[in-house]
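Please read it alongside the sequence and structure shown here.

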Amino acid sequence: MKKEIKWDISLETGVEEIDKQHKYFIKILNEINDAILRNSRDGALEALHFMDRYARWHFGTEEKYMKKYGYPDFEKHRAEHKKFYENTRRMLQHAREKGIDNVFAFSINKYLIDWLILHIKGEDKKFAEFLRNNKLVVEKEKLPDSFEKLEKT
Ligand SMILES: [Fe+2]
Ligand SMILES: [Fe+2]
C-alpha cells in the first residue's frame, strides 16, 4: 500500500526555480505519506495543511510568470491549479470534521501524487517549454518566513 513519489528526470521541466519548487512539493507529499504509514493522523493532517499552503504559494509563482509573459494557455493551466486546491480544501474539511481513517488517508495521498505527476508532465512542462523557447527568466523566489522549516531541510 506504500505510495510515495521520487524525483526523477521525467519530472524535470528544465526551469530551475520551478523544478526546485516541485522538489519541495514532493518532499511534503512524502511527509504526508510517512505520517500515514506511521498511523499518525495528526501528522497527516498537519502535513496536508502545510501542503495546501505550499501548493498555493507555488501556483502563485507559476501564475505570476504566466501573466507577466502573456502565456497563451494561462486559463487552462490556472483551471487545473484551481481544481486541485478546491479538491484539497474539500479533503481538509472532511478530515477536520470526520477525522482521517486509513482508506481516506491513502486515497488522499494517491490523489495528490497522481495529480502532481500528471500536472507536472502536462501543463507545467508545456509552460516551461514556452519559457525556454522564448528565453524568459524565472527569478529565484524567496520562501515566505512561515515556510522556513522547509528551507532548512
Ligand atoms: Fe502548474
Ligand atoms: Fe508546478
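D19 is partly exposed, since 16 other C-beta atoms lie within 10 Å. The count of 16 falls between the limits used, as a residue is buried at 20 or more and exposed at 12 or fewer. The model is predicted, and the points below are grouped by topic.

**Surroundings of D19**

- D19 belongs to helix α1.
- Leaving aside residues up to four places away in sequence, D19 touches E12 and T13.
- W7 is 12 residues from D19 along the chain, and the C-alpha atoms of the two are 9.9 Å apart.

**Helix α1**

- Helix α1 covers residues 16-37, and its 22 residues should span 32 Å at 1.5 Å a residue; the C-alpha atoms at its ends are 31 Å apart, which agrees.
- The buried residues in α1 are I18, Q21, H22, L29, I32, N33, A35 and I36. They lie on the same side of α1, because they cover an arc of only 165° around the axis.
- In an α-helix there are 3.6 residues a turn, so residues three or four places apart point the same way.
- On the other side of α1, the exposed residues are E16 and K23.
- The cover over the buried residues of α1 includes α2 (41-68) and α4 (102-133).

**Helix α2**

- Which residues of α2 are buried? They are A44, A47, L48, M51, Y54, E62 and Y65.
- These buried residues of α2 pack against α1, α3 (74-98) and α4.

**Packing of α1 with α2**

- The axes of α1 and α2 come within 9 Å of each other and cross at roughly 165°. That angle makes α1 roughly antiparallel to α2, because angles over 145 degrees count as roughly antiparallel.
- The crossing in which α1 passes α2 is left-handed. On the α1 side the contact is made by I18, Q21, Y24, F25, I28, L29, E31, I32, A35 and I36. On the α2 side it is made by G43, A44, A47, L48, F50, M51, Y54, H58, T61 and E62.

**Packing of α1 with α4**

- The axes of α1 and α4 are 10 Å apart, and the two helices pack at an angle of about 170°. They are therefore roughly antiparallel to each other.
- From α1, the residues I18, H22, F25, L29, I32, N33 and I36 take part in this contact. Their partners in α4 are A105, F106, N109, L112, I113, L116, I120, D124 and A128.

**Packing of α2 with α3**

- Helices α2 and α3 pack at an angle of about 165°, and their axes are 11 Å apart. This makes α2 roughly antiparallel to α3.
- The passage of α2 across α3 is a left-handed crossing.
- L45, L48, H49, D52, A55, R56, F59, E63, M66 and K67 of α2 meet residues of α3, namely F74, H77, R78, H81, F84, Y85, T88, L92 and A95.

**Residue K83 in α3**

- K83 lies in helix α3. Is K83 buried or exposed? K83 is exposed, because 12 other C-beta atoms lie within 10 Å.
- L48 is 35 residues from K83 along the chain, and their C-alpha atoms are separated by 16 Å.

**Positive phi values**

- Most residues other than glycine have a negative phi.
- N39 is a residue other than glycine with a positive phi, near 65°. N39 follows α1 and is placed in the loop between α1 and α2. N39 counts as exposed because it has 11 C-beta neighbours inside 10 Å.
- K135 is also a residue other than glycine with a positive phi, in this case near 50°. K135 is in the loop between α4 and α5 (148-152). With 6 C-beta neighbours inside 10 Å, K135 counts as exposed.

Definitions and conventions. Residues numbered from 1 in each chain as written. Chains lettered and ligands numbered in written order. Predicted model: local features only at pLDDT ≥ 70, side-chain atom pairs only at ≥ 80, totals over all residues. Helix = DSSP H or I, 4+ residues; strand = E, 2+ residues; numbered from the N terminus. Expected span 1.5 Å × (residues − 1). Arc of directions from axis to C-beta. Contact = placed C-beta atoms within 7 Å. Axes fitted to C-alpha atoms, helices over the stretch in contact; angles between N-to-C directions. Parallel < 35°, antiparallel > 145°, perpendicular 65-115°, else oblique. Left-handed = near helix turned anticlockwise from the far one by under 90°.
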